[in-house]
Amino acid sequence: MDAISAARSQIRRNIDRMVSEGAEYSDARFFTEDWSENLVLYDGNLEANDTGLETGVGVRVLWGGAWGFAASSGSSGIDASFDLALRNARTAAGLVKVKLRMGSASPVNGTYTSPVEVDPFGVGLGDKLDFLVSLDSRLRDDWILRRIVSAAFTRRHVLFLNSDGTEIEKRLADTFAEMTVMALDSDGQMQRRSMSLFSTGRGSRGWEMLTCPDLFGGHAERIKSELSSLIGAEPLEYGRRSVILLPGQTFLQVHETIGHPLELDRILGYELSFAGGSFVTLDSIGSLRYGSEKLNVSSFGGIENSPGTFGYDDDGTPEKDYMLIDSGILVNVLSSRAMVNEANDRAGRKVLADSGGAARATAFYRAPIDRMTNVNILPGTDGSLEDIVASTADGIIVDNPTSWSIGSNREHFHFGCEIAWEVKDGRRTRILRNPTYQGHTLEFYNSLDAVGDESTWRLMQVDNCGKGEPNQVMQLGHGVPVVRFGNVITGERGQ
Ligand SMILES: [Zn+2]
């Protein structure tokens with residue numbers, strides 16, 4: 001028997017032991033490998049070259065309605081981790097006011113493998129640096145003050161077993177990259193343009209994705225040329241106008257004001273002391289008008305190529321594809337098994353049918369919490385970006401966030417963006433610098449008046465979503481089209 005099969009048998013024996021000790025539920029995630037690599041070129045110099053490898057097991061035991069969690073590195077601490085998790089749960093059981101329930105689920109036997117053609121961990125460091133240096137040299141110019149080019153890779157092999165009898169094996173891989181150029185404008189303020197590696201939602205997510213010009217490198221000359229216009233541009237004047245968001249900005253708008261407020265643990269108050277709460281209540285689900293009829297938002301765990309696709313979540317729930325907002329009405333939220341049961345218990349009725357498959361932990365030594373998978377705005381019927389511009393009387397097109405400030409319950413927001421293009425009488429005119437816009441979440445989404453078609457849709461990758469205590473940095477995706485909102489407050493008073 002190899003080491004992995006032996007660990008699997010040992011975990012199964014321990015889960016059975018926990019059940020015989022009276023546990024209502026138990027599971028373990030065994031990371032046989034968790035590789036990460038991060039490369040950063042700063043002004044052409046190698047600023048970061050970090051590679052990490054972690055292995056270990058994380059164990060949960062639900063006993064007396066309370067969680068106990070324990071983890072240990074390697075595979076030698078499996079028995080001890082179960083003992084400690086059980087002890088923690090027994091201690092916690094005397095202290096909890098609300099007893100948690102995982103409920104029952106049918107056993108699942110499954111595997112998931114991220115599609116990869118060329119494993120980035122099989123590409124030599126020299127070849128990786130050659131690629132980044134060559135990209136950096138294309139960004140270089142006398143007038144450009146800062147250049148940052150970065151790439152990050154992960155590769156994980158995870159065994160998951162639980163007391164439902166479920167056994168899952170996952171081989172997960174992610175590739176991220178970003179390039180940024182900066183220069184001083186006429187007021188001495190630093191302006192920037194950036195570009196992140198994105199996906200079409202299809203294809204594979206290995207080294208071949210990073211080196212595909214359409215998805216990343218082919219945009220180097222464009223961001224440089226846009227920065228050149230930006231440093232000589234006028235600032236955006238304060239006023240109400242239409243705002244057209246490109247996917248490079250839409251993804252963060254969706255992330256902060258749809259994704260986070262719809263996390264069920266947040267709705268139930270679990271994140272109040274850290275990330276904040278949500279204006280959404282259990283009573284909102286099924287009736288709240290979140291946006292105009294053009295707003296259709298899905299949680300789509302089955303997108304072929306996204307960091308938010310992983311086959312099965314960390315409760316053992318298979319990926320789910322469902323609507324969160326249907327023609328503007330809030331119909332569901334992002335959830336895990338225990339949170340769905342707690343929501344239904346607290347409401348005294350069945351608010352939610354079952355888990356949304358969104359329990360995720362960032363490492364073996366962290367417990368799963370409710371996270372986003374792929375939270376998407378579905379493509380609409382208002383045509384291409386050009387079609388949307390053509391039907392805009394007075395507005396701006398904005399791309400890429402520079403700053404964001406979000407109400408702690410996600411009820412309002414303020415974003416600064418890298419660049420704006422003015423739109424007058426259906427035509428794109430000049431570039432404007434320092435664009436900002438703000439609004440109240442529900443008022444804003446109710447002013448959604450155009451949604452671009454499939455040609456405008458991009459799967460934007462997020463590699464730095466932070467949540468939980470202790471903090472867990474998570475990777476996910478947002479598939480978003482070009483969208484337009486009417487009568488939005490833009491710019492800053494006095495500018
Ligand atoms: Zn986030």
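Two strands count as paired if DSSP finds at least two bridges between them. Strands are DSSP runs of E with at least two residues, helices are runs of H or I with at least four, and both are numbered from the N terminus.

What you see is a predicted model, where local features need pLDDT of at least 70, side-chain atom pairs count only at pLDDT 80 or more, and totals for chains, interfaces and linings use all residues. Residue numbers start from 1 along each chain as its sequence is written.

I will start with the sheet. Strand β22, residues 458-467, is joined to β23 by 8 bridges, and the two run antiparallel. Within that pair, V462 stands opposite L476 of β23. The open sheet has 3 strands, in the order β8-β22-β23, with antiparallel pairing. β8 (198-199) and β23 (472-480) are at the edges with a single partner strand each, so one side of each has no neighbour in the sheet.

Helix α6, residues 247-259, lies across β22 and β23 and runs at about 120° to β23. That angle is between N-to-C directions, on a scale from 0 to 180 degrees, with axes fitted to C-alpha atoms, for helices over the stretch in contact; contact means C-beta atoms, placed from the backbone, within 7 Å.

Next, the hairpin. β2 (residues 45-63) and β3 (residues 66-73) run antiparallel and share 8 bridges. V59 has A70 as its bridge partner in β3. There are 2 residues between the strands, and G64 in the turn has a positive phi of about 60°.

Last, V118, in the loop between β4 (109-113) and α3 (125-139). Its C-alpha atom is 5.3 Å from that of G206, 88 residues apart along the chain.

Notes:
Two residues are in contact if their C-beta atoms, placed from the backbone, lie within 7 Å.
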